[in-house]
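Thanks for making time this morning. I would like to walk through one model with you, going from its strands to its helices and then to its charged pairs.

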Amino acid sequence: MDANSSSITHTPMMRQYLSIKAKHPDDLLFYRMGDFYELFYDDAEKAAALLDITLTSRGQSAGVSVPMAGVPAHSATEYLARLVKAQQTVAICEQLGPTIGKKGLVERKVVRVITPGTLTDEGLLSSKRENVLAALWCDLPHWAIATLELSSGRFSAQEFDCADAALDDLARLQPAELIIGDRVTAEGVSLTGTTTHRSIPEWHFDHEQAVTRLCTLFGTRDLAAFGCQEFPLATATAGALIGYVQNLNNGAMPHVRDLVIRQPSDYLLVDPATRRHLEIEEVVAGSGGVSLIHLFDHCASAMGSRQLGRWLRDPVRNQNELKQRHDAIDDLNHDMIGETLHADLRQIGDIERIIARIALGSARPRDLLRLRQCLALLPEIEHALRDRVSKRLNQLTADCQRQPDLQQLLERAIQDEPSTQLHEGNVIRDGYSAELDELRHLNEDSSSFLLQLEAEEQQRTGIRNLRVSFNRVHGYFIELPRSRSDEAPDNYQRRQTLKNSERFITDELKRFEERALSARERSLALERNLYNTLLTMLAEHVTPLQRLAQALAQLDTLVNLSISAQRLRLTRPQFTDEAVLEIKAGRHPVVEDSLDMAFVPNDLDLDQDRRMLMITGPNMGGKSTYLRQCALITWLAHTGAFVPAEQARIGPIDRIFTRIGASDDLASGRSTFMVEMTEMAYILRHAGPSSLVLVDEIGRGTSTYDGLALAYACALDLATQVRAYTLFSTHYFELTQLPELAPSATNVHLDAVEHAGEVTFLYQVQAGPADRSYGLQVARLAGIPEPVLHDAQTRLAQLEEHNVRPLSRFVEPDEQIHLFGQMTTNLPAQFLEKIRQLEPDSTSPRDALALLYELRALIDSPDDAPALPREPDTHRVD
């Protein structure tokens, strides 16, 4: 039987449950019953499987056993976290008041719906990662994405010219939940399995409704202040997203006070493959290293870590913004105050999310205690930031101004060690409410009153073993032994007879019982009302508190970058309007941090005329590290961080592309070679003169000749047509002839030396091409058995002796060959001359037939016809 059966024969409680469940058919309904959240019918079976809890039954309703499973209310967060991780949506149904009528039915209502993208509870969120809810919509050919982080109030939207750009941005965001309009299919959205997709009707994206909804949210007449006029699709998507959240929780979002319209030109555009290859957030499986964010994140607070993550994920192009960040790091390094500030910031807590919970009315007592501690630390932070010279630090100091009224309010209202949960009491400080103090006094003094009453009654009756006691069933009573029950005074009223005793009550004890039994309930109810009133008062200060939280998060990030600059020996990069990418003594920060030996730094020098480095050298010689470090230095410079180099001078860069590594995508039916070609195709179609392109091997997933041809053509196109800043690493040494065809390309190599059959890698970038690959020596280092190496050496000697040279072998300097070697034909010279003289447009059919006979005769008598070389294809070279 399921929950949709006729409710006529159900019990009153099950009728209530079914009516609530009907409004949330797709959600797991956590139905509060005393100290437990219960689930029934299909919900119970599903939750029992997901949570590994016992599936039982609750008697019968409508003549059928009701499947039931439950979790304790005090530990519900743990179970909710597991359900959210399983991408489940949960409706929380709470008891709202006393019993209704004689049946004892309690009023219940769904107070919130928990989805993966709308989490705000501390126990359900990752402290260092944003939890993003996104909406995707299109009006072809244009697309739009809106994002909301409910736990902080950050709200943004952006329009895109094509689906690929929108999907690239979704890959950057990795939202926990994605809202999709009906016309957008989830199958076309390639995201990780951690993203929950939810489809909503198309009318939710109506532009007029969106404008009305957003104006109501912000309390404005129009959206001119937010720059929405020129972005109707982004506005519609943002409105649909807000409507979705409001429908879930039936409430306002006072902490969402701004809508940021993102402009693609403000950011360094990076495709998902490049983010993956450079290991910005996560390492490639099996690499054993750490990500760039992991290396740099030593922030004092969780909100600082999230701010650092935003900067590192979204490198910006605005040089004024970058200058302010770099100036602030310089300023912090000047008198080494970073460690002092870091110690202060460690004590502030995650007030960004605390403020969001205050605005939503879900903040817990410990949240307010942490906010109070943060406000108390502001004078110390203000003192440390005094007399700063950088513009950004001065702005942050102004936003970190003291708020004495709020601090005093919290000091008066909240206990120094409040209970974890409000329903446990002991949250509001003594002295804040006279009525609450009186109720607490009555509750706490009941024991002394009973002892005093017991002593008085013993003396009055002369019965020394008279006792005044309490139990939950019968309340307060006076207990006498059966043998002396006849001596009970006249004002004693019999309450209960037991085998060995009699229990009585008096009017005085009844009056005390009424006061004492209700005192705790009344004090808890009053404390709850006082606490909710306090949250309402704090909610009026959300806007300045948000400025404070954002300022502290940025300050934490800048302090962290300052300390990292000292710890990792980083220097300030320089930006210029010249077409240049110049790095002196650059290093790979992650690799250097993991090494037990000194890292070998290398230079990079690209400019308007020198656009490509053709990089050769042995495996394990450092080519991949060199490519990645140049990209990471450029990336870090555009995040506002200092860089691992003695000097870095960087001109305008709009995008970074990489084609690195070899892996298949079997789930999508793509081989390693197909993945390689797809990534290369994306680069060739989207890169431009201001782009940085890294290519680490291409063409090795197919035959040698095909691979060489493809590598040659791609490199030539990058050098002559795209003209991007390009680092092209290859084992096809034939490609070292490319600079002869494309003067903007230059050969460099990673050096190595051999001694007694052993190879030593020098990791130093040198001018010119490599002279050998050291393949057998690297194979020996990898552990290939000596007999196999001996056979390989023998075969190599045979190939060299018979001049059957593999394409990957280096061409000696005195050999002059074309990129693909000479290609010959045995056709007579006269035959080719006749073809060259042919004018097809002016040749009659009769003349063409005569020419065919003449050409046939030349082929039949080729004795005096020398072979002619055929010109190689140079693919768009002028």
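Let me begin with a question: which residue stands opposite Ile650 in β22? It is Phe575. Before I go further, please keep in mind that this is a predicted model, in which local features need pLDDT of at least 70 and side-chain atom pairs count only at pLDDT 80 or more, while totals for chains, interfaces and linings use all residues. Residues are numbered from 1 along each chain as its sequence is written, and side-chain values use heavy atoms, with hydrogens and water left out.

When I say helix or strand, I mean DSSP runs numbered from the N terminus, with helices being H or I of at least four residues and strands being E of at least two; two strands pair if DSSP finds at least two bridges between them. With that in hand, β18 and strand β22 (residues 647–650) run parallel and are joined by 2 bridges. They belong to an open sheet of 4 strands with mixed pairing, in the order β18-β22-β19-β20. Here β18 (574–575) and β20 (602–607) stand at the edges, and each has a single partner strand, so one side of each is left without a neighbour in the sheet.

Let me turn to β17, and to burial, where buried means under 20% relative accessible area, exposed over 50% and partly exposed in between, with a 1.4 Å probe and protein chains only. In β17, 5 of the 5 residues are buried, so this strand is largely enclosed by the rest of the structure. Ser501, Arg503 and Ile505 point one way from β17, whereas Glu502 and Phe504 point the other way. Strand β16 (residues 493–497) runs antiparallel to β17 and is joined to it by 4 bridges, with Arg494 opposite Phe504, and β16 and β17 form a hairpin with 3 residues between them. β15 also runs antiparallel to β17, again with 4 bridges.

What is the bridge partner of Glu479 in β17? It is Arg503, and the side chains of these two residues also meet in a salt bridge at 2.9 Å, N to O, a salt bridge being a side-chain nitrogen of Lys or Arg within 4 Å of a carboxyl oxygen of Asp or Glu. Glu479 lies in strand β15 (residues 475–481) and Arg503 in strand β17 (residues 501–505), so the pair ties together parts that are 24 residues apart in sequence.

By this rule the count comes to 43 salt bridges. One of them joins the side chains of Glu352 and Arg306 at 2.8 Å, N to O; Glu352 is in helix α12 (residues 351–360) and Arg306 in helix α9 (residues 302–313), 46 residues apart, and both residues are buried. The side chains of Arg440 and Asp430 meet in another, at 2.7 Å, N to O, but here Arg440 is buried, with a relative accessible area of 11%, while Asp430 is exposed, at 53%.

I will finish with helix α15 (residues 404–413), where Leu406, Gln407, Leu409, Leu410 and Ala413 are buried. They cover an arc of only 160° around the axis, taken from the directions from the helix axis to the C-beta atoms, which puts them on the same side of α15. These buried residues pack against α13 (365–384), α18 (507–539) and α19 (542–567), where contact means heavy atoms within 4.5 Å.
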